[in-house]
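Here are some notes for a colleague who is opening this structure for the first time. Please read them with the model on screen.

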Amino acid sequence: VKIKEGSFKLSYYNEYKSYLSIMTSEKEKENEPVKIKEGKAEILFSEKNEVFYNKVQELNRDFSVTAIAAFFTHVHSNDPKIIKKSKNSEPCNSNCNILPLRILEALGATGLRSIRFSTELGAKTEEIICNDMSEDAVLSMKRNIAHNNCNNIIPSISDACVLMYQKKNYFDIVDIDPYGTPAMFLDTAVQSVRSGGLLCVTATDLAVLAGNHIQACYGKYGGMPLKRPYCHEFALRLLLSCIDTHANRYSRYIKPLFSYKSDFYVRVFVQVIQSQGEVQKTSSRRSYVYDCVGCNSFHLQQLGYHKPGTQQVTPARGPPVDKKCEQCGSQFHVGGPIWSNPIHDISFIQHMSKHVLEEGSYLGMAKKMQGILAVAERELADVPLFYELSNLSKKVHSPCPPTATFRSALLNAGYAVSQSHVHPKSVKTNAPPSFIWDIMKKWCKDNNVKLREESTVEGRILRKEMVNEISFTPHSDAVFGYEKNHVLRFGPNPEPNWGPKAKARKRKISTNTDNDENQKMKISTDL
């Protein structure tokens, strides 16, 4: 009996030892960081999500690298102040006599964005400060910086607002990419970037900007959102208006170079310029939007009127509408103020497209970037917001007209038309709402759409007499060049569950030094 008992105990001990060995190896494997390659950078990332990383934002980072490269070549290098300073300074390399860039990534997390700036922009960068207030994040970024041998990146642990306030008018590029709203960083960001520098801002709280939480939107961005088919472009323009408001307080104004919406966020690249004279004209660059409750026709009302060729700005005259909509007799919602000037610089977009084609072989999202840039370049610069075909059809209970047919009606009447990069069925045009609804009336008549009661919105719209001649004859320019070339614009999500990720979790550090021994004892007891 004793021999059997001893054999049993020995067998039990061996099984327990084997179990502990397996558990230890699995724990070590679980703690081992995963290598993530993006662009020319490679980072070590923990699956525990102690430091925030989101693969969806690869497009964001690809655009950032491309925009900064285009900015250095075609804006920074042509800045008279930079050229003057460069003559008495050391050039960034033998082929370039221009001062390299000083960049701040205010919310660095893993440091991936800064590492990509360093590895992909090369000698164009002099100093990159990668900042975060999380100790875990700074440890992660230091490990990743060493892993990529980036000598020009300086890790920093600080409150982003304090750091930017201490470095006023210092950086050529300031990048703000927070988890949520950037509102609390904007006041110091517009001061930290030098006059003529580039400010890059992301807002991932698109639900707020798009009109799902109007109180929060007004508190953070100083504007009233409208939940309409054009809400994502409206969100971009609200963000631009908010940034410009902060800049105006310090005698600065913004010049948007490129703005886009993708997935669950909006992103803008704006040049911040010092000029009290231009700040005085800023009211003429913003507008309120009157949107009909019934048919969604919209009208813009400028805040101020700038007389061309002068510094004179007067209050704008309005409103542009009566108390009730002339199309359907409904009242109006009022939204804004929004940025009503162009949200893109066509020349800058062309330089970005050129960079993607010539040097962007390492960009993971190059095809999607080419599509967005192609549509943005073709957008009507002086026409804010757009109509959406399925929404127009829904209002009158008709089949949806083909996009080319609707565009042809506008082009045949002499109006300009384009698409918006934020929506595949968008129609951006300088035609008035009365002409838009005359197209729909003609379409309904040709397709024998049932006439509804006069008490309904659709009934009132279709009973109103047409005042314009509508021709659906196919127009040669109704199909745009990028559509003929089958450029990818609104592709499917590359992976399931493509969207925002969970916020980084703080690591829990146990105060019990005997924690591991206690865990082993617990396992032993269970066995």
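1. Two strands count as paired if DSSP finds at least two bridges between them. Strand β10 (residues 286-292) and β11 pair in the antiparallel sense, over five bridges. In this pairing, serine 287 stands opposite glutamine 302 of β11. Helices (H or I, at least four residues) and strands (E, at least two) are DSSP runs, numbered from the N terminus.

2. On the source: this is a predicted model, where local features need pLDDT of at least 70, side-chain atom pairs count only at pLDDT 80 or more, and totals for chains, interfaces and linings use all residues. Residues are numbered from 1 along each chain as its sequence is written, and side-chain values use heavy atoms, with hydrogens and water left out.

3. The order β11-β10-β14 makes an open sheet of three strands, with antiparallel pairing. Its edge strands are β11 (298-302) and β14 (332-339), each pairing on one side only. From one strand to the next, the twist averages 25 degrees. Helix α10 (residues 231-248) packs on the sheet and touches β10 and β14. Contact means heavy atoms within 4.5 Å. The direction of α10 makes about 55 degrees with that of β14. Axes are lines fitted to C-alpha atoms, for helices over the stretch in contact, and angles run from 0 to 180 degrees between N-to-C directions.

4. Now helix α13 (residues 366-378). It has 13 residues and reaches 18 Å from its first C-alpha to its last, close to the 18 Å expected at 1.5 Å a residue. The expected span is 1.5 Å times one less than the number of residues. Buried residues of α13 include Met369, Ile372, Leu373 and Val375; buried means under 20% relative accessible area, exposed over 50%, partly exposed in between (1.4 Å probe, protein chains only). Among the elements covering them are α2 (58-74), β8 (252-262) and α12 (346-359).

5. Which residues form a tilted aromatic pair at 4.6 Å centre to centre? They are phenylalanine 63 and tyrosine 260, with 45 degrees between the planes. Rings of Phe, Tyr and Trp (its six-membered ring) pair if their centres lie within 6.5 Å; planes under 30 degrees apart count as stacked, over 60 as edge-to-face and the rest as tilted. The pair links helix α2 to strand β8, 197 residues apart. Both residues, phenylalanine 63 and tyrosine 260, are buried.
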